[in-house]
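I opened my notebook on this one to jot down what I looked up, in the order I got curious. Here are the entries, friend.

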Amino acid sequence: MNAHAVSAKPVSESTSGPSPMVACGLRKSYAARSVLDGIDLELPRGSVLGLLGRNGAGKTTLLNALLGLTSLDAGTVQVLGEPVQALSDATKERLAYVMQQPAGFGWMRVDQWLALMAGSYPRWDAMRADHLLSRWQLDIHAPMAQLSPGERQRLELVRALAIHAELLVLDEPASSLDPAARRDLLRDLAFEALDEGTSVILSSHLVGDLERIAGQVALLHRGRLLLRGELDTIKENHARVQLPAAAEALPGEISRRRLESGGVSVVIARAPGQPWPTQLTAWHAQPQPLGLEDLFVEVTS
Amino acid sequence: MDASILSIQPTAPEPIYRQIVAQLRRLIAGGQLKAGDMLPSVREVAGFHAINPMTVSRAYGMAETEGLLERQRGKGMVVAASHAASTNTHDRLHLLEPRLLDVAQQARELELPAATVLRRLEQLMGEDP
């Protein structure tokens, strides 16, 4: 399929092996609007990374860019050790992308589609596929065209898990599901990462979902990644303080928002193990720890 | 014991692994968990609460380092022998300290006198001994 196949580098099986996804300096603009403005991202092997962002922040564009599905103005991406523009067929079989609104194959029945997939992927695990189909209550006799968007997306997820993809990229995988089904799906993904060492990137605007299962988070805002890193570390090292409007900028300040009361709400970050800035005592300000949702709102408003 | 003994709030500012360790500390100090009691597996806890198993694993690892838990071959995690319930009131009160600091701060912000807060606390503890 791909004439530019590059010989695969040996990949270590340990969790400390090479990162399955490394992106450096990604830039892309549409006309004058910069959508990706210098994105760097490294996904630790076997981890679940939650990509957060408001609707329209460009999460899908970023995922497409990470998988080489959209052209970039600048930057490089390595996927499973190969440049994304020249992935070998063997490497392509080790990754799966579940789009937000998969389409196509409307003229087939689900079982016919499954047979097609089973024939296309040497790594296809039929038992796993059957198990997931019944677990997620997908009717294999249904015409593909009659599946709801959520069912269609889950069917893609069956494919992703049945081929034992090592890198799984999911665009808003849970947005069309009810809360209980969403929770089941996220649990399945987290166990997948644990049991198979699968590395997962999933985008969502549902912060609560990501907070449950993402070990790593990255917040896409105005073309840049804010709050990138381990979720626990982020929570422990960011806080909100309320100060008078006249307060000068604090060390580690990452956002400042005017309050109706006249003061300002400031989010500060510190290096792990370091104290909060001493200036706070002068203002009698108490750093207030934040959940991810509050943090998200503070830094994006 | 099963995974429902832990109460986890994923959206709280406190990271989930810290919530788990703090609860284990309290359950052990309070005697609800006794030396040798087996803990639910990482899978059970993660599955029950729909959280990342690696977070649970991290919490257990930290509790082990702290000497709260011991890893027993073939059995999983058990409450460490040296950590029987603390009979010392001072030790047990110390575990409540972060919560009390929160209450004290919020009571001050609400301008509630200590006596009023204490009366309510007594009621709450009396209702649910």
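How many residues does helix α1 of chain B have, and how far does α1(B) reach from its first C-alpha to its last? I looked it up in this predicted model: α1(B) covers residues 16-29, 14 residues in total, and reaches 20 Å, close to the 20 Å expected at 1.5 Å a residue.

Next I checked what follows α1(B), and found G31(B) with a positive phi, near 85°.

Then I asked which residues of α1(B) are buried. My list reads I16(B), Y17(B), I20(B), V21(B), L24(B), I28(B) and A29(B). I reminded myself that an α-helix has 3.6 residues a turn, so residues three or four places apart point the same way.

What covers those buried residues? I noted that the cover includes α3 (53-65), β2 (76-79) and α4 (89-109) of chain B, together with α8 of chain A.

That last name took me to the contact between the chains. I found 19 residues from chain A and 14 residues from chain B in the contact. On the side of chain A that touches chain B, α6 (179-196), α7 (207-213) and α8 (231-236) each supply at least two residues.

Four strands form an open, antiparallel sheet in the order β2-β1-β4-β5, with β2 (33-43) and β5 (82-83) as the edge strands. I followed β1 (residues 21-30) to β4 (residues 74-79) and found five bridges joining them. In that pair, R27(A) stands opposite A74(A) of β4(A).

How values were computed: Residues numbered from 1 in each chain as written. Chains lettered and ligands numbered in written order. Predicted model: local features only at pLDDT ≥ 70, side-chain atom pairs only at ≥ 80, totals over all residues. Contact = placed C-beta atoms within 7 Å. Pairing = 2+ DSSP bridges. Expected span 1.5 Å × (residues − 1). Buried ≥ 20, exposed ≤ 12 C-beta atoms within 10 Å, placed from the backbone.
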